[in-house]
Amino acid sequence: MTMSKEVVINVDSLVKKYGSLAAVNGVSFTVNRGEVFSFVGPNGAGKTTTVEILVCLRGLTAGKATVLGFDVADRKGQQQIRKRVGVLPQDFNTFDLLTVKENLSYYKKMYGHGMDIGELIRLVDLEDKTKTLYKNLSGGLKKRLAIAIALVNDPEVIFLDEPTTGLDPKARRDVWDLIEGLREQEKTIFLTTHYMDEAEVLSDRVVIISYGKIIGDGTPSDLILKHGGNTTLIVEEGGEAAHELLRKTFPDARLENGDVLVPLNGKSDLPEAVMMLNGNKAKYAELIVRRPNLEDVFLNLTGKKIVEGELH
Amino acid sequence: MKRIAAIIGGALRMWFRSKSTLFWTLAFPILLMLLFGAIFSVSQDPRFDLYVQNQDIIDNETTQFSDMFIEMLNETGVLNLKMVDPAENATKYIDVVGAERMLIIPKGFHQSCLTQNASVILKMVPPEVDTSSATVRSVVYQRVEYFNIVTTGVITPVVVTIESESIVSESYSFIDFFVPGLIGMSLMTTGIFGAVGWNTRNRELGILKKLATTPLSKFEWILGVVLYEVVMGAISTGVILTIGVLLFDLRVLPNIYSVILIFAGAIAFPGMGMVVARFVKESDSADAAANAITFPMMFLSGSFFPLEMMPDFLREIAKVLPLTYLNNGLRDSMVYGNVSSALFNTVIVLAVGIFFIILGSLITNWRED
């Protein structure tokens, strides 16, 4: 895909403090038009605070931020930003007793302009639920409607704050498909998430934030290449015997919950390890080769894992 | 304007679809009318206001018999006498202060006592519609008899008689006096509960945050909510009046002054609710917060029984409660036909409404700091 390099979001040394606590501490990044940009980190890292500053819900303490060229700290700039961006706030629910169509019409009237409601309903695949009350929708359909509400003014930039939190795997996949569809329309999407797989699958670019500071910035593949570490051979249920055997050649091999994890450094490592196991008739359930991913990137950068949004 | 219309239209649609809200909005005033109408139509209390104008003055001094009669009235401890300047026009004075009963001691009273044909004039709301008036009248009669005994030494012949005059031009029933208070209370509960509940619930759902990311301003949101509550207030008032006419032979109906006053009340209380909502974090506590405001006001503002039945310190509190002025104004306009007093109360309620809407706009947490 060809992508223009027009910068639509520019954040420079952004700081947000609550008393002495810096929720966002000197953050800088840019987002280009038409890209899916993921802002990734655990709960409390400063993701939502940054988004809320960019959509003019929150003031900043220091630094500068512009959206579509308008200063978020300037009153007139804020008016322009509100007209031209779409926002799905974290944990957003809309009016229970309005139907899908009525909810969309309600928010469209707040802008006075926007997408055709029928077209929007088709876009999020809710055509057979047009007259269904919001309270009667499933969790996944509610989220789809919430995203449609974020699109109701036909925005140039869409902010989706944790759009899949709390959804079951099927509903998460549906939201991913929806975001993929928006990418094809060349909408700029600013996505915050603590799901590394989500960021990896959906994003053109990822910025990782932890404790209010950016610790990684790049495309998912660049980040993985740079910080992801090695491909790993997993010897499932290999146990102590396989571990002892492999350590002779692979001193970094480690035992975790009965599985043996062997970091592979060179092309010959994998066949050599397999030959050692089979030649010595070692017992194991299965051999799995796992490539590094963004979770490994985060682990290598911070020494911690994110589990359900929390650091471990 | 389209945004405000969208807020009102959306809220009305949701109200209509919420069966429990719909039921209680309509049933609450009806239940109150049935219950309180029955309870308070027979209640009494020992202390009542009585305006007294002593016109019997000679050489700038009140006369001996008129002073004696007033002193006898005062001795009962039942009446709270409020002296009126003799230069005042009694009828106008009643209109201005909204007095429900006034005793006039006419010029020449002292002299008439000497010839045993004196009289005093008692103007009051008819006892059949205001039970307090019945009590006051019986106390005044009893004092007249006592005065007769003291001044002549015998029970007959009567030297002082009462000329009763109603200060209400038509004959009304108790429900006619009760309904304005019920309308006032209904406007208050609808407005405060509605605004507090609506705001806290929408904040909890993230709807306020979402709306704050749109071009909708905080003032437009508040105005939308307040005007929606005006519609709710109008519906409640309509229900009360309809039931009153159909079941209780209600005779008082809103005129242009009471319509303005109802509008003023309908914006004042949601405005107040928006201010309260600023300090209520969860929807679970919204009802408790609204109750804390509405319950005392309901009983201290003369919705169900006369203010004069309350101790002095509570009457002082009532003076700062907007519902007091709404109730007084509605009775002035609907029952007593006292336009000047109704307008005075309208101005106060309207000013309170505007004040709270502005205050709500200033302090509502629309966007974070």
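Which residue in β13(A) stands opposite A:L255? In this predicted model, the residue facing A:L255 is A:V260.

## Basis of the description

The model is predicted, with local features requiring pLDDT of at least 70 and side-chain atom pairs counting only at pLDDT 80 or more, while totals for chains, interfaces and linings use all residues. Residues are numbered from 1 along each chain as its sequence is written, chains are lettered from A and ligands numbered from 1 in the order in which they are written, and side-chain values use heavy atoms, with hydrogens and water left out.

## An open sheet in chain A

Chain A contains an open sheet of four strands, in the order β12-β13-β11-β14, with antiparallel pairing. Helices (H or I, at least four residues) and strands (E, at least two) are DSSP runs numbered from the N terminus, and two strands pair if DSSP finds at least two bridges between them. From one strand to the next, the twist averages 25°.

Three bridges join β12(A) to β13 (residues 259-264) of chain A in the antiparallel sense. Helix α9 (residues 239-247) of chain A packs on the sheet and touches β11 (231-236), β12 and β13 of chain A, its direction making about 25° with that of β13(A). Here contact means heavy atoms within 4.5 Å; axes are lines fitted to C-alpha atoms, for helices over the stretch in contact, and angles run from 0 to 180 degrees between N-to-C directions.

## Nonpolar cores

A nonpolar core is a set of buried Ala, Val, Leu, Ile, Met, Phe, Trp, Tyr and Cys residues joined through side-chain atoms within 4.5 Å. Buried means under 20% relative accessible area, exposed over 50%, and partly exposed in between (1.4 Å probe, protein chains only). The largest core has 147 residues, and those with the most contacts inside it are A:I9, A:F29, A:F159, A:F190 and B:W221. Helix α7 (residues 174-205) of chain B supplies the largest share of this core, 14 residues.

Beyond residues up to four places away in sequence, the contacts of B:W221 include A:Y106, B:W198, B:M274 and B:W366. A second, separate core of 23 residues includes B:F69, B:M72, B:L79 and B:L122.

## Aromatic pairs and charges over rings

Rings of Phe, Tyr and Trp (its six-membered ring) pair if their centres lie within 6.5 Å; planes under 30 degrees apart count as stacked, over 60 as edge-to-face and the rest as tilted. The count over all chains is 20 aromatic pairs. A:F37 and A:F39 are stacked, at 6.3 Å centre to centre with 25° between the planes, and both are buried. B:F355 and B:F356 form an edge-to-face pair, at 5.2 Å and 75°; B:F355 is partly exposed at 49% relative accessible area, whereas B:F356 is buried at 17%. Ring pairs also link A:F92, A:F95, A:Y106, A:Y107, B:W198 and B:Y228 into a cluster.

A charge sits over a ring if NZ of Lys or CZ of Arg is within 6 Å of the ring centre and within 35 degrees of the ring normal. A:K142 lies over the face of A:Y134, 5.2 Å from the ring centre, and A:R172 over that of A:Y195, at 4.0 Å.

B:N327 belongs to helix α13 (residues 322-336) of chain B and is buried at 0% relative accessibility. Its contacts outside four places in sequence include B:P180, B:M185 and B:S301. B:N338 occupies the loop between α13 and α14 (339-363) of chain B and is buried at 3%.
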